Structures are given as structure tokens and as C-alpha cells.
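Let's take a friendly walk through this model, starting where two chains meet. Please keep the structure open while you read.

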Amino acid sequence: MVIYILRRLLALVPVVLIMSIVVFLIIYLIPGDPARVMLGDGADESTIQELRQQMGLNYPLLEQYGRWIGNAVQGDLGRSFFLQQPVSTAIREHLAPTLSLALFAQFIAVLIAIPLGVRAAVNRGGLADKTLNAYSLLGISVPGFLLSLFFVLVFAVRLKWFPVSGYAPLHEGLGSFLKFMFLPALSIGIVMSSLTARIVKASMLEVLHEGFVKTALSKGLRQNTIIYKHVLRNALIPILTVVGGSFGTLVAGAAVIETIFNIPGLGQMLVHAVERRDYAVIQGMVLFIAIVYVAVNLAVDLLYAVVDPRIRLQ
Amino acid sequence: MASENLLEIKALQTYFHTEAGKVSAVDGVSLAVGAGEIVGIVGESGCGKSVTAQSILRLLDEKSQASYSGEVYFEGVDLLKLSQRQMRGVRGNDISMIFQDPLSSLNPLLTIGEQITETIRSHRKFSRKNAWQEAVRLLRLTGIPAPERRVHEYPHQLSGGMRQRVMIAIALACEPKLLIADEPTTALDVTIQAQIMDLIAKLNRELGMSVLLITHDLGVVAEVCHRVAVMYAGQIVETADVATLFREPQHPYTIGLLQSIPSLDRDRTKPLQAVEGFVPALHQLPKGCRFAPRCPHADALCRTEMPLLESKGSSGSQARCWHSEALSQKEAVRHA
């Protein structure tokens with residue numbers, strides 16, 4: 001098990017290294033001089049030179065990367081010209097709304113997807129199966145922003161059950177936090193669950209044909225014991241992969257939903273940074289997002305080992 | 001229904017609902033297993049022997065795929081009439097089953113102990129601790145070395161033979177009166193096969209547990225069974241006690257099966273006799289005797305009229321053949 005974790009961790013080093021190089025080079029892939037682009041057309045030459053100096057653009061490329069990555073390893077991702085604060089501080093401030101939205105949405109998605117997918121697989125062609133088909137078609141074809149606007153219209157504007165938009169941090173009370181979070185989390189959760197439910201069903205169907213399911217039946221176990229203890233557990237690995245992947249996407253920031261509900265999260269921050277050509281923020285955030293993906297994948301790998309003794313005891 | 005038989009199957013039909021229509025995989029099978037008896041069902045792949053076995057415990061999907069008719073009496077109770085809930089009380093408790101491939105029959109994610117104790121605890125009021133002690137005892141009973149350690153291991157850590165012993169330990173968990181063994185040795189090495197069969201025979205002797213043994217291996221039948229039924233295309237074509245079946249086979253299919261067993265003293269210049277052809281598909285069964293298309297003795301009668309399972313000879317065997325008397329005389333002449 002320790003070797004398994006170490007091997008997984010070691011495999012991450014080259015991935016992160018290559019990503020950091022790509023992220024660093026983003027700045028040079030965009031046409032024009034970064035300092036000139038940031039300051040706009042009206043800036044005079046001396047201001048531009050000053051910014052170039054400040055951004056370290058006058059050093060050779062390799063040295064620039066060295067300085068950048070050296071600082072990044074210590075948690076210093078540079079300073080945002082527009083936000084007038086360190087990039088790492090800005091990320092930290094915007095992380096909490098995004099993370100809580102991601103967790104909440106993921107929770108809703110799993111809460112819908114698992115029972116629906118399980119019932120659909122166990123009772124093929126039955127009501128749950130038909131519901132799943134209609135539901136997932138809807139979830140895949142209706143974009144999240146449309147769904148969220150619909151929810152806002154019905155539940156916030158008409159029924160006034162929830163606020164139209166905004167954000168209240170968790171430490172200001174669970175009630176108001178949930179009130180603000182519910183509609184955005186539901187919008188994302190529904191879209192995500194439609195894909196996850198399909199995976200749950202497909203994965204369950206595969207396991208239902210396994211011999212040990214017949215053994216479990218022949219032992220006289222209850223149907224729910226067979227389905228949840230024997231079948232679902234064995235179907236969990238593909239489900240974990242999908243859930244992990246969509247969670248990574250969410251932590252990277254659900255820019256559209258965050259914008260609609262005016263949640264000060266990472267997605268919104270990234271969009272603004274791109275609009276303003278705030279290179280330090282873009283670089284820092286892309287690196288951060290990449291690391292989040294890697295971390296989520298690592299977590300999923302570790303969960304595989306928790307679920308499956310054949311991986312754990314290798 | 002008064003009967004000394006533990007299990008009595010009467011005119012069992014098992015239908016599968018396929019896209020091509022309803023087909024019967026088991027067609028009018030009647031079979032009895034007495035207390036303490038080992039009865040074998042022999043036949044080629046696809047002859048319906050496994051489906052018969054699974055029909056007894058009603059393991060087939062009754063919601064969409066399968067349905068039954070006929071009667072399956074266990075201790076005088078017709079299992080086919082029980083509710084799913086009542087059926088659950090029979091499975092693993094009165095009747096247990098072991099399967100062909102012990103690896104795929106065990107859940108890879110649960111420890112051996114968990115898989116044994118969940119059976120015990122779903123039928124008996126055992127504390128967790130007592131159930132685990134019982135699991136260790138059962139593993140020891142099935143001849144697994146160091147059961148205290150094995151009980152915490154997972155199926156992939158055991159060899160094939162050990163896994164089948166674990167399956168048997170699970171099956172024995174609630175001291176069933178009947179064990180259905182569906183090709184228990186097919187997936188195992190030859191040396192291990194003998195060990196597993198010895199174990200089953202020993203448990204039958206010592207615990208008085210009846211066994212219904214499904215196999216395609218007549219050698220296994222000869223070794224452990226008391227009585228045997230030969231199945232072909234969903235029907236029993238011959239049934240007899242083991243000695244009679246080997247001495248005086250009545251049905252041409254049984255004769256074919258016996259001739260296809262290789263033996264050391266056979267004439268090696270001649271090829272091994274095989275039963276030519278294939279088992280017919282369920283949705284295109286022949287009109288008369290189902291074996292007629294493959295039978296060297298078939299005539300016009302065989303191709304149009306299906307023979308019944310009737311008593312033949314003097315030793316109480318039954319066969320489904322128009323010509324078995326004539327054939328067994330010929331056999332006798334040939335052997336003389």
C-alpha cells in the first residue's frame with residue numbers, strides 16, 4: 001500500500017513539471033508584448049519598460065522560468081497588477097466559494113445518480129430505467145446556464161424561496177450559506193448527475209452478470225444487500241473515475257454558473273483575469289487548476305485501493 | 001404430498017423468454033433426490049442441466065427472462081409456489097449451491113470470512129464474533145490449512161482449489177439438507193478435482209447431506225454418485241442407478257457418452273468414439289426424438305414421434321428411446 005502511494009506520487013512529478021512549463025509559456029503564445037497589451041494603447045514607453053522590468057520580462061527565457069517556478073514552489077505565484085495583491089492570496093480568497101459549490105453540487109449529483117442508476121440497472125426497462133433515459137437526455141442537451149436561469153425564474157423570482165444571486169460564506173451560518181448555494185449547486189448537480197447516472201447504470205449492468213451475484217442470491221441474502229454490498233461496490237471504480245473527473249472540473253471553477261449567481265469563485269476570477277490580460281493571475285490559476293486535477297486523480301487512485309483489495313495488496 | 005424423498009422434481013418446465021419467443025430450456029424433467037443420496041445429472045453443454053439446478057433454487061431472473069411450471073417439492077413443500085421472501089429462507093439455509101468457477105463465484109472485494117458470516121447471519125441469530133468463529137470452523141472442516149489466517153484473506157489470495165473449498169464452506173454455513181453442486185470441478189486442475197470430489201463425498205457421508213451433482217464428467221459420476229440422470233436437449237433421456245447405467249446403458253446417447261470416455265486399455269489404433277453433431281438449438285428442436293438427428297439407429301418413427309421416458313430392462317432404469325430393447329441386446333451381443 002505504501003509502495004502504491006509512493007509510486008503514484010512519484011508519477012506526478014513529471015506531470016506537474018511539464019504542466020508548469022506549458023503554463024509558463026502561455027504568456028509567449030499570445031501575440032504582442034505582454035506589458036504593452038496590459039497597459040493598453042495609450043501607455044508611454046517608460047511605463048511599459050518599468051512594467052517589463054517588474055514582470056521580469058527582460059531576463060532570458062530560461063531564467064524567467066527558473067525564477068517563476070522557484071517562487072511557485074514556495075507558494076509565491078507573483079503579484080496581480082490589477083488586483084494589487086499576491087496571486088496566491090487572490091486564489092485563496094476565491095477558493096472557498098468554488099470549493100463549497102463543487103462539494104455541494106457533487107453531493108447532489110451523487111445523491112441523484114446512484115439510486116437512479118442502480119434502480120435502472122436492476123429493473124431494466126422499468127420505470128427507473130425510462131426515467132433515467134429521459135433525464136439524462138435532458139441533462140446532456142439542456143445547458144447548465146439555461147437550467148439555472150430557469151431555476152432562478154421559478155424558485156427565486158416567482159416563488160421567492162431562494163435569493164436570486166449572491167454568496168454567504170459558511171462561517172456566517174449554515175442557513176444563509178445553503179440558501180445562496182442551493183440553486184447554483186442544483187443546476188450543476190443535475191447536469192453532472194445525468195452523466196454519472198448513466199455510468200452507474202452501465203457499470204452496475206456489467207457487474208450484475210458476474211458469478212458472485214448468483215452466489216449472493218443462492219446464499220439467501222436480501223435483494224438490497226446483494227445490490228448495495230455486492231454489486232454497487234464492485235461497480236464503484238468506473239463511477240469513482242467519473243465523479244473524480246467532474247469534481248476536478250468543478251474546482252477549476254464553474255465560470256458560467258458563478259457569473260449567473262454572482263459567486264466570487266475561481267471561475268469568475270479566471271474570466272476577469274483573461275479579460276484584463278492579467279498574466280500573473282492566468283499563469284498562477286492555470287497552474288493551480290492543473291495541480292487540482294492531479295490531486296483529484298491521485299485521490300481517486302487512492303480510493304481505488306480502498307475499494308479494491310487486489311490493488312491494495314499488490 | 002407424502003414422500004421419503006428430500007427433493008422431488010415433477011414435470012419441471014423452465015422457459016426462457018427470448019426475442020425469438022418462449023423456449024423451454026428444461027422440458028418436463030422429473031427427478032428425485034433421497035435423504036443422504038448423491039444424484040448426478042450428466043449431459044453436454046447446453047443440455048439444460050445447469051438450468052435445472054438453478055430452477056430448484058429459482059435463481060433465474062423471473063421478472064423478465066424466465067418462468068417455470070411443474071412442481072419442485074422440497075420436504076413436501078412446492079418451492080415454485082413460495083414467495084420470493086420465503087424462497088430467501090430456503091436458499092443457503094435448506095439448500096445451498098456451489099458453482100463451476102470458484103473465482104468468479106466469490107466477491108473479490110470481501111474477505112472470505114465476511115462472505116461466510118453474512119450467510120450465517122442472514123439465516124441464524126449469531127453474534128458477529130460467534131459467526132466468525134463458526135467461519136473458521138467451517139474452513140477447517142473443508143480442509144483449509146491455517147483457517148484463522150485465511151478467514152481474513154481475499155479470494156485472489158487463494159488457489160483455485162482453496163477457493164472451491166471456501167465456496168463449500170459458505171454452502172455448509174447453515175447445515176443445508178441438500179447441496180447442489182453445478183460442475184464444481186470443471187474449472188480446477190485434475191488433482192484438485194479429485195480432492196474436491198472426495199470432500200463432497202466425505203461431507204455427504206459424515207453430515208448426511210444429500211447432493212445433486214451436475215457434471216459432464218461420467219468418471220466423476222461413477223466415483224461418487226448413487227443414481228444418475230442423463231439429460232439431452234432439456235429432457236432426461238435416461239435415469240438409473242450408477243452401476244446399472246454403466247453396465248446396461250439403454251439410450252443411444254448414453255452409450256455414445258460412455259464410448260467417448262478414453263480408457264487406458266482401449267485399442268489406440270482406432271479413433272476415440274465421439275457423439276457426432278451438436279445439441280440442437282432450443283428454438284429449432286426436432287419434432288420426434290430430440291436425439292434422432294445425431295442417432296445412428298434413428299428411423300422414421302424416431303423422426304416423427306417423441307418417445308416417453310419408460311422403464312426398460314430389469315434393473316429399474318428408465319430411458320426415452322423407441323429402440324432401447326433392441327439396442328441393449330445388440331450391445332450385449334457385442335460385448336459377449
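**Where the chains meet**

Keep in mind that this is a predicted model. The size of an interface is often given as the accessible area lost when the parts come together. Here, chain B and chain A bury about 2,300 Å² between them, and carbon and sulfur atoms give 56% of that area. Three residues deserve a look on the chain B side: Arg88(B), Leu109(B) and Glu118(B) supply 27% of the area that chain B buries against chain A, more than any other three residues. In terms of contacts, 29 residues of chain B take part, along with 24 residues of chain A.

The two chains also share 13 residue pairs in polar contact, with both residues at pLDDT 80 or more. On chain B, the elements that each supply at least two residues to the touching side are strand S6 (95–98), helix H3 (102–105), helix H4 (112–123) and helix H7 (160–172). H4(B) gives the largest share of that side, six residues.

**Salt bridges**

Side chains of opposite charge can pair when their charged atoms come close. Over all chains, the count is 21 salt bridges, and three are found across the interface of chain B and chain A. Two examples are set out below.

| Salt bridge | N to O distance |
|---|---|
| Glu118(B) and Lys229(A) | 2.8 Å |
| Glu183(B) and Lys49(B) | 3.3 Å |

The pair within chain B links distant parts of the chain, 134 residues apart. Glu183(B) lies in the loop between strand S7 (178–182) and helix H8 (190–207), while Lys49(B) belongs to helix H1 (residues 49–56) of chain B.

**A nonpolar patch on chain A**

Which residues form a nonpolar patch on the surface? They are Ile21(A), Leu25(A), Tyr28(A), Leu29(A) and Leu61(A), with about 450 Å² of accessible area together. Helix H1 (residues 2–29) of chain A provides the largest share of the patch, four residues. Leu29(A) is found in this helix.

Notes:
Residues numbered from 1 in each chain as written. Chains lettered and ligands numbered in written order. Predicted model: local features only at pLDDT ≥ 70, side-chain atom pairs only at ≥ 80, totals over all residues. Heavy atoms only, no water. Contact = heavy atoms within 4.5 Å. Buried area = accessible area lost by both parts, 1.4 Å probe. Salt bridge = Lys/Arg side-chain N within 4 Å of Asp/Glu carboxyl O. Polar contact = N/O pair within 3.5 Å; in protein donor to acceptor, adjacent residues only side chain to side chain. Patch = residues over 30% accessible without salt bridge, like charges linked within 9 Å, V, L, I, M, F, W, Y side chains within 5 Å. Areas by Shrake-Rupley, 256 points an atom, 1.4 Å probe, with all protein chains shown as cover.
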